[in-house]
Amino acid sequence: DVQALDASTDALAAQAGARRAEIVAAEAALARAKSDLARRREVQAQGGVSSEEVAHAEQAVSSAQAQLASARGAATAAQQQVSANRVQTIGTEIANHPRVLGAAAMVRDAIVAEGRARVLAPVDGEIAKRAVTLGARVAPGTPLLAIIPLDRVWVEANFKEGQLRD
């Protein structure tokens, strides 16, 4: 994410440059439209062009002004996006970026949660009287199961003399 943020900042900076170039082009178009309008007005006074052509030239000036305003707005927005991205990355490296530190904290939390999800038996043996199922939540102190330790198994037998040999 952080590397992508750096890359997108560079891409946005390139777009901001393109928007500044659009401003220059729009300014040139406006200047050309204004000079065309001025020439047509001079010629209209002498009867050389119709009022319709002058109206079209005025509309061209209005359109060029709108395009210039739009280009300036787009350039401002692009520059603000660049600034917003740079604020997120300025003065940080990948290792100490807040997003990376947040992700590392989430990993630590997951490790702790996994450690808490495992309950280890104090002795080896066979399970008897299981009172819990997989995925169940239990409160501290709740008996979960009984364990029969196999290292201390004995058998009680009461045999009759006739059942024993030797």
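Let me begin with a definition: a residue is called buried under 20% relative accessible area, exposed over 50%, and partly exposed in between, using a 1.4 Å probe and protein chains only. What you see is a predicted model, in which local features need pLDDT of at least 70 and side-chain atom pairs count only at pLDDT 80 or more, while totals for chains, interfaces and linings use all residues. Residues are numbered from 1 along each chain as its sequence is written, and side-chain values use heavy atoms, with hydrogens and water left out.

Now to the charged pairs. Side chains of opposite charge can pair when their charged atoms come close. The structure holds 5 salt bridges, a salt bridge being a side-chain nitrogen of Lys or Arg within 4 Å of a carboxyl oxygen of Asp or Glu.

One of them joins E27 to R72, with the closest N and O atoms 3.2 Å apart. This pair links distant parts of the chain, since E27 sits in helix α1 and R72 in helix α2 (residues 51-89), 45 residues apart; helices here are DSSP runs of H or I with at least four residues, numbered from the N terminus. R72 has 42% relative accessibility and therefore counts as partly exposed, and E27, at 34%, is partly exposed as well.

Another salt bridge connects D36 and R39, at 2.2 Å from N to O. Those residues are 3 apart in helix α1, which means that about one helical turn separates them. R39 is partly exposed at 47%, and D36 is also partly exposed, at 21%.

Notes
Helix = DSSP H or I, 4+ residues; strand = E, 2+ residues; numbered from the N terminus.
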